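Me: I'd like to go through this model with you, starting with the overall picture and then moving to a few individual places. Could you take it step by step?

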Amino acid sequence: TLNLADGHLLQVGLALELSAESASGGGGHGEADPDDPTKGYAKAIDATIEILGAETVAQLAATGGREEAKHALEEKLHELYHGDVVGVYFPQFVMQ
């Protein structure tokens, strides 16, 4: 649950799609690698709050608004996780 820029709340569930290389365990990241998206999601959660929290209900509800925000989050996570995150899905997305 996070605050949107206009004071409304967003409850969002986050699912990450990993690259085939990362999902098979051959991503080149060791088990202790803090950038491994399968180990703790602090960076993904922080990026989600940063990107979605900058939006308003009107922006997210507008045609294509949710998809634009999702695309921006995918780009950020792709960068943060060095290409291991290739897709983002919102199994829950409730604006209040």
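Me: How much of the protein counts as buried?
Reply: Of the 96 residues of the protein, 31% count as buried, and please keep in mind that this is a predicted model. The accessible surface comes to about 5400 Å², and carbon and sulfur atoms account for 51% of that surface.

Me: And what order do the elements come in from the N terminus?
Reply: The order is β-β-α-α-α-α-β, which gives the protein 4 helices and 3 strands.

Me: Let's turn to α2. How far does it reach from its first C-alpha to its last?
Reply: Helix α2, which covers residues 42-53, has 12 residues and reaches 16 Å, close to the 16 Å expected at 1.5 Å a residue.

Me: Which residues of α2 are buried, and what do they pack against?
Reply: The buried residues in α2 are Ala44, Ala47, Thr48, Ile51, Leu52 and Gly53. The buried residues of this helix pack against the strands β1 (2-3), β2 and β3, and also against the helices α3 (57-61) and α4.

Me: Where does isoleucine 45 sit, and how exposed is it?
Reply: Isoleucine 45 is in α2, and its relative accessible area of 47% makes it partly exposed, because that class lies between 20% and 50%. Together with Tyr41 and Ile49, Ile45 makes a nonpolar surface patch of about 290 Å².

Me: Switching to the loops, is serine 19 buried or exposed?
Reply: Serine 19, in the loop between β2 (9-18) and α1 (20-23), has a relative accessible area of 14% and therefore counts as buried, the limit being under 20%.

Me: What does serine 19 touch, leaving out residues up to four places away in sequence?
Reply: With those set aside, Serine 19 touches Gly83, Asp84 and Val86.

Me: What is the phi of histidine 82, and which loop is it in?
Reply: Histidine 82 has a positive phi of about 55° although it is not a glycine, and it is found in the loop between α4 (65-80) and β3 (85-95). As background, most residues other than glycine have a negative phi.

Key:
Residues are numbered from 1 along each chain as its sequence is written. This is a predicted model: local features need pLDDT of at least 70, side-chain atom pairs count only at pLDDT 80 or more; totals for chains, interfaces and linings use all residues. Side-chain values use heavy atoms; hydrogens and water are left out. Helices (H or I, at least four residues) and strands (E, at least two) are DSSP runs, numbered from the N terminus. Buried means under 20% relative accessible area, exposed over 50%, partly exposed in between (1.4 Å probe, protein chains only). Accessible areas come from the Shrake-Rupley method with a 1.4 Å probe; for residues, only the protein chains shown count as cover. Patches are made of residues with over 30% relative accessible area and no salt bridge: like charges are joined within 9 Å, nonpolar side chains (Val, Leu, Ile, Met, Phe, Trp, Tyr) within 5 Å. A salt bridge is a side-chain nitrogen of Lys or Arg within 4 Å of a carboxyl oxygen of Asp or Glu. Contact means heavy atoms within 4.5 Å. The expected span of a helix is 1.5 Å times one less than its number of residues.
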